[in-house]
Amino acid sequence: MTLSRRDWLRTALFGTVAASAGPALAQAPRPSTSVPLGTFGLEATQFGLRPGSADDQSRILQNALVEAVKRDAPLIVAPGRYRIANVVLPENARLIGVPGATQFVAAQAGPMLVARRIKRTAISGIVLDGLDIKLGQRTGLLNVEEVLDLALSDCEFANAGSVGLTLSRTAGRIERNRFRSMRDSALFSLDSRGLSIEANTVEDCGNNGIQLWRSQAGDEQSLIRGNRLNRIRSDAGGDGPNGNGISLFRAGGVVVEGNTLRDCALTFIRNNSGSGVQILGNQGRRCGETGLYSEFAFEGAIIANNLVEDCAQGANITNLDHGGRLSVFANNIIRNAQRGFAPKGKELVGGLGVHVEAEAAVTGNVIENASEVGISLGWSWAMRNLVATGNVVRRTGIGISVSLVPKERNALIANNVISEAKLGAVVGTEYGKVVTGDLTKGEDKRAAGIRVEGNAVG
């Protein structure tokens with residue numbers, strides 16, 4: 001079938017070719033860019049934009065966007081390659097291409113598209129190829145700053161010399177995009193005003209996948225849901241800032257749900273100093289350090305219904321020394337947590353299913369094949385008000401360990417099923433060294449304040 005110019009425009013906007021110009025068009029679904037029904041928009045070729053040209057066409061695209069906004073119409077860019085750099089999106093700009101076919105390639109170092117201090121803008125169906133031109137730290141192919149409503153969908157970010165998409169003090173929806181081959185990270189957001197980051201694909205990043213950071217701790221209510229992340233490296237090294245699939249720093253009130261992650265150098269999901277964070281129903285396989293992390297100055301973390309396999313450590317909820325406390329770790333499956341060397345690490349790490357420190361409930365989890373400890377309750381003096389109930393722990397060195405360093409202790413270890421724990425089902429430790437016998441077999445005065453009851457040991 002040969003498409004007429006009119007039919008092609010309908011296809012770009014609505015995803016289908018209408019059979020006739022009248023009623024069929026009126027019944028077409030609204031596109032994600034909120035283009036009014038019946039509005040076809042302006043073709044960028046009308047303004048001189050030429051697919052396949054070797055020239056820098058930034059000025060032509062800039063003028064076309066300004067004119068489209070004046071006419072309150074979306075700008076439609078036909079399939080083809082266009083060399084651009086530093087094109088500024090005006091207020092209410094709507095830029096639409098054909099997914100996978102409309103390609104913007106970098107004309108020089110720096111961002112290709114910029115949106116700054118406007119209320120709203122929408123982009124869909126555009127490929128941004130940075131050609132791996134090295135950029136400054138956290139410079140994106142698309143830079144967005146102080147935008148109240150960003151709608152970004154069905155785009156592709158490729159070969160970024162730093163970051164694919166950078167956002168600052170911005171709210172909006174980032175949906176169904178693909179990010180591949182980033183020197184640094186796919187998406188970096190600072191001081192978000194509330195983002196929905198959903199159903200995106202992220203592959204082959206040098207240091208991180210998705211990053212939500214804040215300059216000061218705060219509640220931003222962002223959602224990171226249903227994304228696929230694969231092969232996140234740690235090229236810049238370090239013991240935490242890099243190598244993460246999803247990284248939160250001081251970002252409170254974030255829900256991280258239903259994501260699938262594979263082959264992350266250090267961590268699948270890392271929450272550093274974010275309070276009220278929920279990590280729910282994610283699946284991760286193969287990471288070099290800790291699968292799920294909540295650390296430093298956080299309060300109120302819920303980590304539930306996740307599946308973590310083949311890592312150095314399943315989960316770590318830690319840092320009472322920095323105020324890290326108050327958590328629930330429930331209904332997770334942790335398999336094959338094996339002690340080893342993290343990428344670029346010089347010391348053995350891991351071997352734990354889950355570690356918690358203060359005001360924490362560990363319940364309903366299944367932990368299998370942790371080389372050192374299935375459930376670790378406290379470390380040194382950082383052990384306070386801990387519960388481990390209703391868990392299944394199988395094939396470990398120690399089933400459940402509890403720190404006895406604090407002078408005042410309050411912990412309940414009850415109604416767990418512990419099987420094939422080679423070094424004891426439940427034992428007391430000091431600085432990681434076992435100092436009691438198996439507490440499921442009898443009381444020990446050194447473990448005063450630790451209640452151990454109703455566990456099934458096999």
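**Figure 1. Charges and overall make-up of the predicted model.** The mean positions of the 50 positive and 44 negative charges of the protein lie 4 Å apart, where Lys and Arg count as positive and Asp and Glu as negative, without His and the chain ends, and each charge is placed at NZ of Lys, CZ of Arg, CG of Asp or CD of Glu. The protein has three helices and 42 strands, taken as DSSP runs (H or I, at least four residues, for helices; E, at least two, for strands) numbered from the N terminus. This is a predicted model, in which local features need pLDDT of at least 70 and side-chain atom pairs count only at pLDDT 80 or more, while totals for chains, interfaces and linings use all residues. Residues are numbered from 1 along each chain as its sequence is written, and side-chain values use heavy atoms, with hydrogens and water left out.

**Figure 2. The largest nonpolar core.** This core, a set of buried Ala, Val, Leu, Ile, Met, Phe, Trp, Tyr and Cys residues joined through side-chain atoms within 4.5 Å, has 99 residues, and those with the most contacts inside it are Leu95, Phe104, Phe157 and Leu165. Its largest share, six residues, comes from strand β9 (residues 140-153).

**Figure 3. The pair of Phe157 and Phe179.** The ring centres are 4.7 Å apart and the planes at 10°, so the pair is stacked (centres within 6.5 Å, planes under 30 degrees apart). Phe157 lies in strand β10 and Phe179 in strand β13, so the pair ties together parts that are 22 residues apart in sequence.

Conventions. Buried means under 20% relative accessible area, exposed over 50%, partly exposed in between (1.4 Å probe, protein chains only). Rings of Phe, Tyr and Trp (its six-membered ring) pair if their centres lie within 6.5 Å; planes under 30 degrees apart count as stacked, over 60 as edge-to-face and the rest as tilted.
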